[in-house]
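Have the viewer open as you read.

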Amino acid sequence: MKKSWVLSIIMSFVLLGGVFAPAGSYAAAADDSTTTYSEDEYIEVDTSEQEPLPTVEEEDFLNYLDQLDLAAVYEEKAFNALGGGFYITSSNRKSVFLKLTNTAIPNYTKYVSKLKLIKPQNAELKKIHASLIKGSYTQLEGFQLAKKAVSKTTVNSAVLKQANAKIAAGKKNIEKYQKELSAYANNLGYDF
């Protein structure tokens, strides 16, 4: 009899809009559990889903992606400076030279340096990462050749042609890397 009387008072207080319990009850509302009341007992049922712990391979992959994000800042700065690509003429030669010298090459150099510091533990991921380093380094060489091509008052078309070939070769390695990384991620169950 006493229990039903206490429960009635609590329910009327709650229905009237009063606050019965301190802030701790609100925190419990965010909990992933369900509380069931009956007159005789109090039962708490855990309804949260336990996520399986990631495997060592998955942890290495996620760590790898985090490190790539840190390095990608410099890559983005380099490409933003170039405006998504560059078409070099004698009239814009000087501005391209300045963009390459002051922003693109220094940032892309930092990007390649950061990539070289990333050391995945998984052998397959190491091999995939090596393609990214090779492609990025080849593109960096292409940017340096492009800078050399526009460093004089006239554009050196032979050196510019070599620069474009290096950049294209680097791009192929990076595309290979992207395909391999996507397949690797899919193997682990990640959409990439």
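## Overall picture

Among contacts in the chain (heavy atoms within 4.5 Å) between residues at least 6 apart in sequence, 69% join residues at least 24 apart. This is a predicted model, in which local features need pLDDT of at least 70 and side-chain atom pairs count only at pLDDT 80 or more, while totals for chains, interfaces and linings use all residues. Residues are numbered from 1 along each chain as its sequence is written, and side-chain values use heavy atoms, with hydrogens and water left out.

The chain has six helices and two strands, where helices (H or I, at least four residues) and strands (E, at least two) are DSSP runs numbered from the N terminus. Along the sequence the pattern reads α-α-β-β-α-α-α-α. Of the 192 residues, 28% are buried; buried means under 20% relative accessible area, exposed over 50%, and partly exposed in between, with a 1.4 Å probe and protein chains only. The chain exposes about 13300 Å², and carbon and sulfur atoms supply 57% of that area. Accessible areas come from the Shrake-Rupley method with a 1.4 Å probe, and for residues only the protein chains shown count as cover.

## The nonpolar core

In soluble globular proteins, nonpolar side chains tend to be buried together. In this model the largest nonpolar core has 36 residues. A nonpolar core here is a set of buried Ala, Val, Leu, Ile, Met, Phe, Trp, Tyr and Cys residues joined through side-chain atoms within 4.5 Å. Helix 3, helix 4, helix 5 and helix 6 (157-188) each supply at least two residues of this core, and the largest share, ten residues, comes from helix 6.

The residues with the most contacts inside the core are Phe61, Tyr64, Leu68, Leu100, Tyr108, Leu115 and Leu132. Take Tyr64 as an example: leaving out residues up to four places away in sequence, Tyr64 touches Ile118, Pro120, Leu125, His129, Leu132, Tyr177 and Leu181.

## Aromatic pairs

The structure holds six aromatic pairs. Rings of Phe, Tyr and Trp (its six-membered ring) pair if their centres lie within 6.5 Å; planes under 30 degrees apart count as stacked, over 60 as edge-to-face and the rest as tilted. One of the pairs joins Phe79 and Tyr108 edge-to-face, at 5.6 Å centre to centre and 70 degrees between the planes. This pair links distant parts of the chain, with Phe79 in helix 3 (residues 56-82) and Tyr108 in helix 4 (residues 93-117), 29 residues apart. Phe79 is partly exposed, because its relative accessibility is 30%, whereas Tyr108 counts as buried at 0%.

Tyr108 also pairs with Tyr111, this time in a tilted arrangement at 5.3 Å centre to centre and 45 degrees between the planes. The two tyrosines are three residues apart in helix 4, so about one helical turn separates them. Tyr111 is buried, as is Tyr108. Phe79, Tyr108, Tyr111 and Phe143 form one aromatic cluster.

## The start of helix 5

What caps the N-terminal end of helix 5? Asn122 does, with a side-chain oxygen 2.8 Å from the backbone nitrogen of Glu124. Asn122 sits in the loop between helix 4 and helix 5 (123-149) and counts as buried because its relative accessible area is 17%. The side chain of Asn122 also makes a polar contact with the side chain of Glu57 (3.0 Å). A polar contact is a pair of N or O atoms within 3.5 Å; within protein, one must be able to donate a hydrogen and the other to accept it, and residues adjacent in sequence count only if both atoms are side-chain atoms. Setting aside neighbours within four places in sequence, Asn122 is in contact with Glu57, Asp60 and Tyr184.

Pro120 lies in that loop between helix 4 and helix 5 too, and is buried at 5% relative accessibility. Pro120 and Asn63 are 57 residues apart in sequence but 8.3 Å apart in space, C-alpha to C-alpha.

## Along helix 5

Helix 5 has 27 residues and reaches 39 Å from its first C-alpha to its last. That is close to the 39 Å expected at 1.5 Å a residue, where the expected span is 1.5 Å times one less than the number of residues.

Within helix 5 you will find Ile128, buried at 4% relative accessibility. Ile128 and Glu180 are 52 residues apart in sequence and 6.4 Å apart in space, C-alpha to C-alpha. Apart from neighbours within four places in sequence, Ile128 is in contact with Tyr177, Glu180, Leu181 and Tyr184.
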